[in-house]
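Dear colleague,

I am passing on to you the structure that we spoke about, and below it you will find an account of what came out of a first reading. Please keep the model open beside the text as you go through it.

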Amino acid sequence: MKALIREDLHKIKLVEKPKPQILDPRDAIVKVTLSSICTSDLHIINGAVPNALKGVTLGHEFVGEIIELGSAVTNLSTGDRVSANCETFCGECYFCKRGFINNCQNGGWKLGCSIDGCQAEFVRVPFADTGLTKIPDSLSYSEALFVGDILSSGYFGAELCEVKSDDTVAVIGCGPVGICSMQCARAMGAKQIIGIDIDDYRLNLVKDKGYAHTVINPDKQNVCDEILKLTENKGADCVIEAAGGKNTFQTAWQIARPNAIVALVAMYEENQTLPLPEMYGKNLIFKTGGVDARHCGKLLKMIENKEISTDILISKYFDFNDIEKAYDYFKNKRDNCLKIALKYD
Ligand SMILES: [Zn+2]
Ligand SMILES: [Zn+2]
């Protein structure tokens, strides 16, 4: 089968690999029907992920059809249409039992990092019972593609913030994860959603689609002043930082109202400074975390109920054979690309 590998630092290559086999009774083999490229794949290619193996098949965001199951898989059947969780987790260890599945002692980020991922025709998914979720018949593969990674990340941001009805939620970063956070915050009852980004295309998009009520461009406006104007001088009740830019962490705590929760779901490339003397008395709660994809079933239901939708994030479909072109398109945000989807037939 064809598979895209990280051949070396900064180098990817489409190669022939043997079709994966069941190695553990809890495995499933999935025929990939749609997959995507994630910014984390770019981090691997750039050498920023120490666990990533050379020669590994990239990719961890996908949907597909189960073609083979290990003998210990109980919740799934061959022929099931499934969305995959980007985190591998056992469901049984100390952390999994408490719901902290991204800290699983037997799992973690494996697919497309330390074991072969989904940018191939077939993929072996360990702990299939927890790693795969059946897609409801009424949903297409496109509608379910982002459930196990960016939608889960966006939901996690809103969940960490404990969004309540009547809250004003400020989302820094109007990219794919930020858009997911906005939709989830709205579904949780947020009264006002404010999108912050330096990219006018993305600001216009979230405004036009109704994901944010108001948008702010920090290159053109003073974010703190604008937020105060929009919140009767209080500041935002919830801040979701999904940008990971140079100054975005500072913006995040500055625009938060006293006693707010600031959720940091962005992946930073540098250390950030916590200016405690300046924050004194603001009584902020900071929560950090990457994706915590334990709500895939719930997210699929929310899509089915039309509370959220993510297929709009697919800026362009590519044939899987053109995956190298797709990487170029995604990485360079050509045509203002948000996400791409790879088709396999
Ligand atoms: Zn990812
Ligand atoms: Zn576990």
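In strand β2, the residue Lys11 is the bridge partner of Asp8. Please bear in mind throughout that this is a predicted model. The pairing of strand β1 (residues 2-8) with β2 is antiparallel and runs over six bridges, and the two strands form a hairpin that leaves two residues between them, where His10 in the turn has a positive phi of about 65°. Strand β2 (residues 11-16) lies largely in the open, because the number of buried residues among its six is zero.

The domain assignment divides the protein into domain 1, made up of 2-149 and 294-343, and domain 2, which covers 152-288. Taken over C-alpha atoms, the centres of domain 1 and domain 2 are 28 Å apart. To the contact between them, domain 1 brings 15 residues and domain 2 brings twelve residues. On the side of domain 1 that touches domain 2, helix α11 (residues 296-304) gives the most, with three residues, and the residues of that side comprise eight nonpolar, four polar and three charged ones.

**The core**

What does the largest nonpolar core contain, and which residues have the most contacts inside it? This core has 108 residues, and those with the most contacts inside it are Val169, Ala170, Ala236, Val239 and Ile240. Because domain 1 and domain 2 both give residues to this core, it lies between them. For Ala236, once the neighbours within four places in sequence are left aside, the residues in contact include Thr168, Val169, Ala170, Ile194, Ile227 and Ile255, and also Arg257 and Ala260. As a general background, nonpolar side chains tend to be buried together in soluble globular proteins.

**Helix α5**

Is helix α5 (residues 150-160) mostly covered or mostly open? Helix α5 is mostly covered, with eleven of its eleven residues buried, among them Gly154, Tyr155, Phe156 and Glu159. The elements that cover the buried residues of α5 include the helices α6 (176-187) and α11 as well as the strands β11 (236-241), β12 (256-264) and β13 (285-288). Just after α5, the residue Glu162 takes a positive phi of about 50°.

With best wishes

How values were computed. Residues numbered from 1 in each chain as written. Chains lettered and ligands numbered in written order. Predicted model: local features only at pLDDT ≥ 70, side-chain atom pairs only at ≥ 80, totals over all residues. Domains from an automatic or database assignment. Contact = placed C-beta atoms within 7 Å. Helix = DSSP H or I, 4+ residues; strand = E, 2+ residues; numbered from the N terminus. Nonpolar A, V, L, I, M, F, W, Y, C, P; charged D, E, K, R; others polar. Buried ≥ 20, exposed ≤ 12 C-beta atoms within 10 Å, placed from the backbone. Pairing = 2+ DSSP bridges. Core = buried A, V, L, I, M, F, W, Y, C linked by C-beta atoms within 7 Å.
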